[in-house]
Amino acid sequence: MNVYLDNSATSYPKPPKVEESIISAMRSYQGNAGRTTNTDGHELERQIYDTRLKVANFFGFKWIDHVIFTKNITESINLFLNGYLEPNDVVLYSGIEHNAVARPLEQLKANRNIVPVKINCNQHGQIDLVQLEHQLSKHPKLLVINHASNVSGDIQDLAAIGSLTKQYGVPLFVDAAQSGGVIDIDMQQLNIDVLGFTGHKSLLGPQGIGGLLISPTLAKCTKPLCYGGTGSLSEDLEQPDLMPDKFESGTSNVLGIMGLKAGLEFLESIDRREHLKTERKYILKLQEFLLGKEDVVIIGNPDVNYRTPVISFYTHHIDISDLAFKLSKDFGIVNRVGLHCAPLAHETYQSFPYGTIRLSTSFFTTEAEIDYVIVSLETLL
Ligand SMILES: Cc1ncc(COP(=O)(O)O)c(C=O)c1O
């Protein structure tokens, strides 16, 4: 049996319409969006616009032309942090950040003298709101925060965080890599100024497409990461200020965009909340089994309703790399072991430096697969 439980890394399988949409775009369209003067060129522009509109609606964001496509959220984060932060700026970040945030901050600290200030998280991955408010009162330039931990699945209380950042007038940048497509996010309601997403996880699109949703106020004071041809205002050697062209130089990843569009359409067609309940039921089943095993430590909030559908654990008496390898090789259970590109989070959960084994479900996971995982783990543990 092959069971894919590494959906936090990238989702598999994709809805069939995603593949169909990519292949059909590849076959049908002659030309380049915004460049070629033919019907296909215009049709491509329309498809890209439709996808921007879908993304904007999906995240409760009202500025369609401020949805920027990137190759993944790592690029979105680099784009925004590099373009927005200036020398000596103070930026707050949390104790559960992914390296996609931690490394650019470290780089900017060295190159531009920015001052990253870490706000601690508790054992359930929740940011310390008292410490956060204290730091916000000093008016830093930005708060960047991971919405859902890729290590434990723990979900931040964005409503509480967003009302604090609004109160102190500090822009809020949310890393929605793990939450987009799993948890409802309304940027306007939650006072989110900038949001990064990646298309290939729970948005069910292909790899190579991501994006950044940026408020007009912040877009104005953010420099592009990449300069070049946009198909607009070509007589001018300066990068246009026009959105989204300002941040989208070069030919668009049309195939990625078409795949993302089909992924979003699939998500629109299902009852996501109901499905999340089902996946959490599976995670709870795994959790109850693991809790019955002596020496197994599960990290994060014990209540699965406060986590994305993920379970992350380690044992003291068995080498987890060995266990992960056997799960994969002997039982065909695809999992992820180690630090998950998030050493800061593992420090918070006291699972550094060895990390955990992470199992993460998707819309396509079945109960029979979970039962098989339990039987397999029983053998190995
Ligand atoms: C919380 C978080 N942020 C950022 C990323 C980076 O995503 P990508 O590799 O698609 O840029 C990941 C990937 O696992 C993640 O979990």
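## Ligand contacts

In this predicted model, an N or O atom in the side chain of His-200 lies 2.8 Å from an oxygen atom of the ligand, a polar contact (a pair of N or O atoms within 3.5 Å). The protein buries 89% of the 390 Å² that the ligand exposes when taken alone, with accessible areas from the Shrake-Rupley method and a 1.4 Å probe. For Gln-178, an N or O atom of the side chain is 2.7 Å from a ligand oxygen atom. For Thr-74, a polar side-chain atom is 2.5 Å from an oxygen atom of the ligand.

Around the ligand there are 13 residues, counted as near if one of their heavy atoms lies within 4 Å. Thr-74, Asp-175, Gln-178, Thr-198 and Lys-201 come nearest. By class, the shell has eight polar, three nonpolar and two charged residues, with Gly counted as polar.

## Largest cavity

One cavity of 30 Å³ or more is found in the whole structure; a cavity is a set of points on a 1 Å grid over the protein atoms alone where a 1.4 Å probe fits but cannot get out. The largest cavity holds about 250 Å³ of space. Its lining has 20 residues, and Gly-181, Val-182, Ser-202, Glu-279 and Phe-363 are the closest to its centre.

Ten of the lining residues are polar, eight nonpolar and two charged. Helix H9 (residues 272-291) contributes four residues, the most to this lining. The largest cavity lies between domain 1 (3-12 + 271-380) and domain 2 (16-268), because both give residues to its lining.

## Basis

Residues are numbered from 1 along each chain as its sequence is written, and side-chain values use heavy atoms, without hydrogens and water. Local features need pLDDT of at least 70 and side-chain atom pairs count only at pLDDT 80 or more, while totals for chains, interfaces and linings use all residues.

Definitions and conventions. Polar contact = N/O pair within 3.5 Å; in protein donor to acceptor, adjacent residues only side chain to side chain. 1 Å grid on protein atoms, 1.4 Å probe; cavity = no way out; pocket = protein on both sides within 12 Å on 5 of 7 lines; lining within 4 Å. Points joined across faces, edges and corners; volume = space filled by probe spheres on them. Helix = DSSP H or I, 4+ residues; strand = E, 2+ residues; numbered from the N terminus. Domains from an automatic or database assignment.
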